[in-house]
Amino acid sequence: MDKGNTPKITTAFKTVDNKELKSTGFWLNQLFLVFSTIFGVYLAAQSGLEQALKFDSFSKMEDNYYLRTSLYDEVKDNAEHLKEFANLLAKSPPKSELEYNKPTIEKYIWQTMQYSPTTLETPSEFLTEIRRFYSKSQFIIDAAISRKMSAKHASEQLSKAVDIINNKTLPNLKSSALKLQSELSKNGIQISSLKESEQR
């Protein structure tokens, strides 16, 4: 290395202005910049988390709406078939006719619900009332056909169970689904198939 260049380098370092590095304003400015960056990242993360939670909540709400309306349709169909069977029982027909016209309680939606993560988002009162309705109806049908219960008494009991499900459970279940639709609509999520349900 050329010794003649050493004084020049030393002179160059001496001429560097260190006043700015010693300035309080400079360090405050740097601290503010770091703080602003951290705060900005925090706000962005917080906003992202809130959006993710909202999306998850509305997604579950929409899934549960479809579950409730599907359950409503299934129970409504079953109630109609059981009412027809109750009317047949009222005529005290022979056992062979009862066996031939024995209604099948469709439970596709009901059984599928056990695999749905949104099932327990449905109010327990509906699940309990429908479970009892299915259980009681099946008991009455089997008892009537096996002649362990008179046809007339079976008709009365089955009609009573159907009336409760038609006049209480189904209207409340439909109303709860429409409340979900209203809540989703307020947040910009439209479910067109709900209009079909409203017209029934």
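**Exercise 1. Which residues does N64 touch, not counting residues up to four places away in sequence?**

Before the solution, a note on the model is needed. This is a predicted model in which local features need pLDDT of at least 70 and side-chain atom pairs count only at pLDDT 80 or more, while totals for chains, interfaces and linings use all residues. Residues are numbered from 1 along each chain as its sequence is written, and side-chain values use heavy atoms, with hydrogens and water left out.

Step 1. Apply the contact criterion, which is heavy atoms within 4.5 Å. With residues up to four places away in sequence not counted, N64 touches T118, T119, E121, T122 and L180.

Step 2. Check the accessibility: N64 has 2% relative accessibility and therefore counts as buried, given that buried means under 20% relative accessible area, exposed over 50% and partly exposed in between, with a 1.4 Å probe and protein chains only.

**Exercise 2. Describe how α6 and α7 pack, and say which residues make the contact.**

Step 1. Two packed helices are described by the angle between their axes and the distance between the axes. Axes are lines fitted to C-alpha atoms, for helices over the stretch in contact, and angles run from 0 to 180 degrees between N-to-C directions.

Step 2. Helix α6 spans residues 124-145 and helix α7 spans residues 151-186; the two pack at an angle of about 160°, and their axes are 10 Å apart. They are therefore roughly antiparallel to each other, a label used for angles over 145 degrees, whereas under 35 counts as roughly parallel, 65 to 115 as roughly perpendicular and the rest as oblique.

Step 3. From α6 the contact is made by F126, E129, I130, F133, K136, S137, I140 and A144, and from α7 by residues including A154, L158, V162, I165 and L173.

**Exercise 3. Find the nonpolar cores and the helices that supply the largest one.**

Step 1. A nonpolar core is a set of buried Ala, Val, Leu, Ile, Met, Phe, Trp, Tyr and Cys residues joined through side-chain atoms within 4.5 Å.

Step 2. The largest such core has 32 residues, and those with the most contacts inside it are V75, L82, F85, L89, I130, F133 and L158. Helices α3 (24-89), α6 and α7 each supply at least two residues of this core.

Step 3. Take V75 as an example: leaving aside its neighbours within four places in sequence, V75 is in contact with I130, F133, Y134, I165 and L170. A second, separate core of 6 residues includes M61, A177, L180 and I191.

**Exercise 4. Where are S92 and R147, two residues with positive phi?**

Step 1. S92 is in the loop between α3 and α4 (95-100), and its phi is positive, about 50°, although S92 is not a glycine. With a relative accessible area of 47%, S92 is partly exposed.

Step 2. R147 is in the loop between α6 and α7, and its phi is near 65°, a positive value in a residue other than glycine. At 41% relative accessibility, R147 counts as partly exposed.

Note on methods. Helix = DSSP H or I, 4+ residues; strand = E, 2+ residues; numbered from the N terminus.
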